[in-house]
Amino acid sequence: MSALLQTHALCRHFGGLHAVRDVSLNVGQRTIHSILGPNGAGKTTLFNLITGAIPPASGTVLFDDSDVTGWTPERLARRGIVRTFQRTSVFLELSLCENVALAIRSHRGLNYSVRLSRATDAAVREEAHQCLRSVGLAEKAGLRAKALAHGSQRALDVAIGLALKPRLILMDEPLAGMSKGDRHGIGELIVKLRDELGLTVVLVEHDVGMVMSLSDVITVMQNGKVIAEGPPCVIRDSAAVKSAYLHGSFAS
Ligand SMILES: Nc1ncnc2c1ncn2[C@@H]1O[C@H](COP(=O)(O)OP(=O)(O)OP(=O)(O)O)[C@@H](O)[C@H]1O
Ligand SMILES: [Mg+2]
């Protein structure tokens with residue numbers, strides 16, 4: 001399987017603390033690749049390095065065989081790497097459609113001070129509807145974002161991410177604080193992103209059961225390092241993972 005995203009020996013430290021050390025990942029096209037690990041393992045820092053929020057001390061990030069190390073988040077987004085669940089990107093007073101349309105306009109470099117032709121405006125709105133349809137929110141397009149329940153707000157985040165036409169979506173704890181029913185809905189959406197839209201998803205999530213059921217590949221980190229990697233069945237049986245991190249919580 002060809003890799004869409006690769007990291008080679010990625011390192012980042014904060015003072016004397018090695019938050020990410022020598023992390024090499026191979027994320028295949030059209031896969032759900034999860035990063036598991038206890039609090040402080042370095043998962044979010046790894047996301048920050050991949051998405052350009054902070055630069056690595058050393059190591060490289062390759063996307064689609066190009067070296068994108070040190071690129072800004074905006075440039076990476078234009079190239080196809082998007083991070084979701086940054087709730088700040090949702091404008092609560094605007095409708096769902098307007099929220100997504102805003103992301104489409106900014107992606108295309110069209111800003112609000114420029115009056116759009118009717119045809120362009122209609123095309124943007126149609127595209128926004130398509131993004132909302134992909135996440136199951138088309139019927140709520142006219143509602144204000146603040147009227148949405150928690151689970152649907154997360155789905156709206158994904159729709160806003162889709163507006164950027166990504167190939168790779170990184171999600172940091174998308175299920176945090178959600179009810180069981182909402183978790184299931186977001187789980188189905190993640191699978192749909194892979195199977196119907198052909199996207200690659202890199203997921204950080206503490207819900208081990210969901211990670212086991214959704215993922216093609218799991219990388220386990222501890223103290224900034226990769227301690228195990230493989231498909232769920234291998235991770236479930238890994239003695240290193242059990243003793244170092246999960247203490248038997250895969251048993252169920
Ligand atoms: N900006 C920063 N300055 C200093 N230390 C940091 C910074 N960001 C992260 N760290 C430290 O780096 C280590 C890894 O943190 P990180 O947030 O990547 O862990 P995580 O695996 O995402 O944990 P969690 O599961 O709790 O979200 C932690 O010890 C954390 O305190
Ligand atoms: Mg984190």
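**Note on domains and helix packing**

1. The C-alpha centres of domain 1 and domain 2 are 26 Å apart. The model is a predicted one. In the domain assignment, domain 1 is made of two stretches of the protein chain, 1-80 and 166-252, while domain 2 covers 87-165.

2. How many residues of domain 1 are in contact with domain 2? There are 19, and they meet 13 residues of domain 2. Between them the two domains bury about 1,100 Å². Carbon and sulfur atoms account for 66% of that area.

3. The remaining points concern helix packing. Two packed helices are described by two values, the angle between their axes and the distance between the axes.

4. Helix 3 spans residues 96-107 and helix 4 spans residues 118-134. They pack at an angle of about 115°, and their axes are 8 Å apart. Angles of 65 to 115 degrees count as roughly perpendicular, so helix 3 and helix 4 are described as roughly perpendicular to each other. The crossing of helix 3 past helix 4 is right-handed. On the helix 3 side the contact is made by L96, C97, V100, A101, I104 and R105. On the helix 4 side it is made by D121, V124, R125, E127, A128, H129, C131 and L132. Sorted by class, this contact of helix 3 with helix 4 has 9 nonpolar residues, 1 polar residue and 4 charged residues.

5. Helix 5 consists of residues 150-162. At what angle does helix 3 pack with helix 5? The angle is about 30°, with the axes 8 Å apart. The crossing of this pair is right-handed. Helix 3 contributes L96, N99, V100 and A103 to the contact, and helix 5 contributes L156, A159 and I160. By class, the contact of helix 3 with helix 5 has 6 nonpolar residues, 1 polar residue and no charged residues.

6. Helix 4 and helix 5 also pack together, at an angle of about 135° and with their axes 8 Å apart. Helix 4 is therefore oblique to helix 5. Helix 4 passes helix 5 in a crossing that is right-handed. Which residues of helix 4 meet helix 5? They are C131, L132 and S134, and their partners in helix 5 are L156, A159 and L162. The contact of helix 4 with helix 5 divides into 5 nonpolar residues, 1 polar residue and no charged residues.

How values were computed:
Residues are numbered from 1 along each chain as its sequence is written. Chains are lettered from A and ligands numbered from 1 in the order in which they are written. This is a predicted model: local features need pLDDT of at least 70, side-chain atom pairs count only at pLDDT 80 or more; totals for chains, interfaces and linings use all residues. Side-chain values use heavy atoms; hydrogens and water are left out. Axes are lines fitted to C-alpha atoms, for helices over the stretch in contact, and angles run from 0 to 180 degrees between N-to-C directions. Helices (H or I, at least four residues) and strands (E, at least two) are DSSP runs, numbered from the N terminus. Angles under 35 degrees count as roughly parallel, over 145 as roughly antiparallel, 65 to 115 as roughly perpendicular and the rest as oblique. A crossing is left-handed if the near helix is turned anticlockwise from the far one by less than a right angle, and right-handed if clockwise. Contact means heavy atoms within 4.5 Å. Ala, Val, Leu, Ile, Met, Phe, Trp, Tyr, Cys and Pro count as nonpolar, Asp, Glu, Lys and Arg as charged, and the others, Gly among them, as polar. Domain bounds come from an automatic or database domain assignment. Buried area is the accessible area (1.4 Å probe) that two parts lose on being put together, summed over both.
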